Amino acid sequence: MGQRFGEFVEVRRHGDDGVVELVLDRPKAMNAVSTEMARSIGAACAALAADPAARVVVLTSTHERAFCVGADLKERNSLSDAELVRQRPTARGAYGGVLELPMPTIAAVHGFALGGGFELALACDVIVADESAVVGLPEVSVGVIPGGGGTQLLPRRVGAARAAELIFTARRVEAAEAAGLGLVDVLVPAGEDRTEALALAGRMAVNSPVGLRAAKRALRLGHGMDLAAGLEIEDAAWRTVAFSGDRAEGVAAFNEKRKPAWPGE
């Protein structure tokens, strides 16, 4: 068993390799994100962000037919306008919590990943999906817009026109097309999304924790910048690792032909 954050979120650690699983566990509602669940996702992400032992995070679901179906519309229907306004920072804290995790993140998607569910996946660095996956941002079909980062993250993946078509039609996209459009990154047979995501995380986690975080920072901050500005961001990130214990250990291990024992600092 892992560490619970409220009723609907669990953090599981896989051995001592630094791979951590952030588990969406509200099966009775297909992981619909209620206020309580959003609060728990935010709290779990805050704990992981502060944990130097967490090298790579994999976002998974316990539901057999869904990754996450988005916002809890039943709860949303019961909220007054004032309550909805008060709830908004909590919702943003969940999506922003995943997006701002400092280490590499991988989403393991099967079944439905719709609306806020797909936005949780989009907040990750890599999306692994199995053949059962169905993704989309259908918010305009219920009178709202993507509010968990979708209008900003999707065009960064697939371009402005493709994102506009997908958001304006509110259509659902099945796995093969989603892979072809770049909505997901790795397509695997049905039932293998979690296994492949954890294996991919393991291949990442053997590398320098300091290097992984600095590389992610450079990738994230440099995206959308002109080349000159991006290269300055990269240089600043390089300087944070160049004199680190990880860099010294990495060079020593290479020269001594052994596996590095990363100090993580």
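**Reading the features**

Mentor: Asn31 lies in the loop between E3 and H1. Helices (H or I, at least four residues) and strands (E, at least two) are DSSP runs, numbered from the N terminus. The model is predicted, so local features need pLDDT of at least 70 and side-chain atom pairs count only at pLDDT 80 or more, while totals for chains, interfaces and linings use all residues. Residues are numbered from 1 along each chain as its sequence is written, and side-chain values use heavy atoms, with hydrogens and water left out.

Trainee: What is the phi of Asn31, and is Asn31 buried or exposed?

Mentor: Phi is near 65 degrees, a positive value in a residue other than glycine. Buried means under 20% relative accessible area, exposed over 50%, and partly exposed in between (1.4 Å probe, protein chains only). Asn31 counts as buried because its relative accessible area is 0%. Ala170, in the loop between helix H6 (160-169) and strand E10 (173-174), also is not a glycine and has a positive phi, of about 60 degrees. Ala170 is buried, since its relative accessible area is 12%.

Trainee: Which residues does Ser34 touch?

Mentor: Contact means heavy atoms within 4.5 Å. Not counting residues up to four places away in sequence, Ser34 touches Phe8, Arg26, Asp72 and Glu75. Ser34 belongs to the loop between strand E3 (19-24) and helix H1 (35-49), and its 5% relative accessibility is why it counts as buried.

Trainee: How is a helix such as H10 to be read, and what should its 16 residues span?

Mentor: The expected span is 1.5 Å times one less than the number of residues. Helix H10 (residues 227-242) should therefore span 22 Å, and its end C-alpha atoms are 22 Å apart, which agrees. An α-helix has 3.6 residues a turn, so residues three or four places apart point the same way. In H10, the buried residues include Ile233, Ala237 and Val241. The buried residues of H10 pack against helix H9 (209-222) and helix H11 (245-255).

Trainee: Which residue caps the N-terminal end of H10?

Mentor: A polar contact is a pair of N or O atoms within 3.5 Å; within protein, one must be able to donate a hydrogen and the other to accept it, and residues adjacent in sequence count only if both atoms are side-chain atoms. The cap is Asp226, a side-chain oxygen of which lies 3.1 Å from the backbone nitrogen of Ala228.

Trainee: How many salt bridges does the structure hold?

Mentor: A salt bridge is a side-chain nitrogen of Lys or Arg within 4 Å of a carboxyl oxygen of Asp or Glu. The structure holds 17. In one of them, the side chains of Arg4 and Asp25 meet at 3.0 Å, N to O. This pair links distant parts of the chain, with Arg4 in strand E1 (residues 3-5) and Asp25 in the loop between E3 and H1, 21 residues apart. Arg4 is partly exposed because its relative accessible area is 33%, whereas Asp25, at 18%, is buried.

Trainee: Where does Arg194 lie in the chain relative to Glu21?

Mentor: The side chains of Glu21 and Arg194 meet in a salt bridge at 2.7 Å, N to O. This pair, too, links distant parts of the chain: Glu21 is in strand E3 and Arg194 in helix H8 (residues 193-205), 173 residues apart. Glu21 counts as buried because its relative accessibility is 0%, while Arg194 is partly exposed at 33%. Salt bridges that share partners join Arg4, Glu10, Arg12, Glu21, Asp25 and Arg194 into one network.
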